[in-house]
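Subject: A structure for you to explore

Hello,

Here is the structure I promised to pass on to you.

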Amino acid sequence: MVTGTAHERPFLRVVNSGPEIPADRIGTLFQPFQPCQRLESRTGNPDGHGLGLSIVSAVAAVHDADLAVEPGPQGGLSITVALPGARN
């Protein structure tokens, strides 16, 4: 996890490891309760409910933040939430 500022905007970036995720499947990861669309569990535990990234997306939207998601070069994801800059 990395925090900082870029272009006068605070940001939070989380990078994880895991299986490779095709770029065209990333959007489905943000849809809640879509077990048929979920990718194979990274932990081998099928008990997930598919809520984590949908919550991240909802929190970012409420705060007018930009959410950027990219597949990692060796698997996993890089997720960046950039909050609006300070208002004067």
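**The chain as a whole**

The protein chain exposes about 6400 Å², and carbon and sulfur atoms supply 56% of that area. Please keep in mind that this is a predicted model. Buried residues make up 23% of the 88 residues in the protein chain. Among the contacts with a separation of 6 or more, 50% come from residues 24 or more positions apart.

What secondary structure does the protein chain have? There are 1 helix and 4 strands, and along the sequence they follow the pattern β-β-α-β-β.

**The sheet**

Start with the strands. The 4 strands make an open sheet in the order E1-E2-E4-E3, with antiparallel pairing. At its edges are strand E1 (2-6) and strand E3 (66-71), each of which pairs on one side only. On average, neighbouring strands of this sheet are turned by 20° against each other, direction ignored.

Now try following the pairs of strands:

- E1 and strand E2 (residues 9-15) run antiparallel and are joined by 5 bridges. Gly4 has Phe11 in E2 as its bridge partner.
- E1 and E2 form a hairpin with 2 residues between them. In that turn, His7 has a positive phi of about 55°.
- E3 and strand E4 (residues 77-82) also run antiparallel, joined by 6 bridges. Here Glu70 stands opposite Ser78 in E4.

**The helix**

Next, find helix H1 (residues 52-62), which lies across E3 and E4 and runs at about 20° to E4. Which residues of H1 are buried? They are Leu53, Ser54 and Ala60. Seen down the axis of H1, the buried residues fall within an arc of 125°, so they line one face of the helix.

Ser54 deserves a look of its own. This residue of helix H1 has a relative accessible area of 12%, and because buried means under 20%, Ser54 counts as buried. Leaving aside neighbours within four places in sequence, Ser54 is in contact with Leu29, Phe30, Gln31 and Pro32.

Just after H1 you will come to Asp64, which takes a positive phi of about 55°.

**A buried leucine**

Is Leu77 buried or exposed? Leu77, in strand E4, is buried, with a relative accessible area of 5%. If we leave aside neighbours within four places in sequence, the contacts of Leu77 include Val14, Val15 and Asn16, as well as Ile21, Ile26 and Leu29. Leu53 is also one of the residues in contact with Leu77, and Leu53 is itself buried in H1. Further contacts of Leu77 include Val69, Glu70, Pro71 and Gly72. The C-alpha atoms of Leu77 and Ile26 are separated by 9.0 Å, with the two residues 51 residues apart along the chain.

**The salt bridge**

How many salt bridges does the structure hold? It holds 1. In general, side chains of opposite charge can pair when their charged atoms come close. In this model, Arg9 forms a salt bridge with Asp66, and their closest N and O atoms are 2.6 Å apart. Arg9 lies in strand E2 and Asp66 in strand E3, so the pair ties together parts that are 57 residues apart in sequence. Both residues count as partly exposed: Arg9 has 22% relative accessibility, and Asp66 has 43%.

**A proline to finish with**

Finally, look at Pro84, in the segment after E4. With 27% relative accessibility, Pro84 counts as partly exposed. Not counting residues up to four places away in sequence, Pro84 touches Arg9, Pro10, His63, Asp64 and Ala65. Pro84 and Phe11 are 73 residues apart along the chain, and their C-alpha atoms are separated by 9.0 Å.

Happy exploring, and do write back with your questions.

Best wishes

Definitions and conventions:
Residues numbered from 1 in each chain as written. Predicted model: local features only at pLDDT ≥ 70, side-chain atom pairs only at ≥ 80, totals over all residues. Heavy atoms only, no water. Pairing = 2+ DSSP bridges. Axes fitted to C-alpha atoms, helices over the stretch in contact; angles between N-to-C directions. Contact = heavy atoms within 4.5 Å. Buried < 20%, exposed > 50% of the residue type's maximum accessible area, 1.4 Å probe, protein only. Salt bridge = Lys/Arg side-chain N within 4 Å of Asp/Glu carboxyl O. Arc of directions from axis to C-beta. Areas by Shrake-Rupley, 256 points an atom, 1.4 Å probe, with all protein chains shown as cover.
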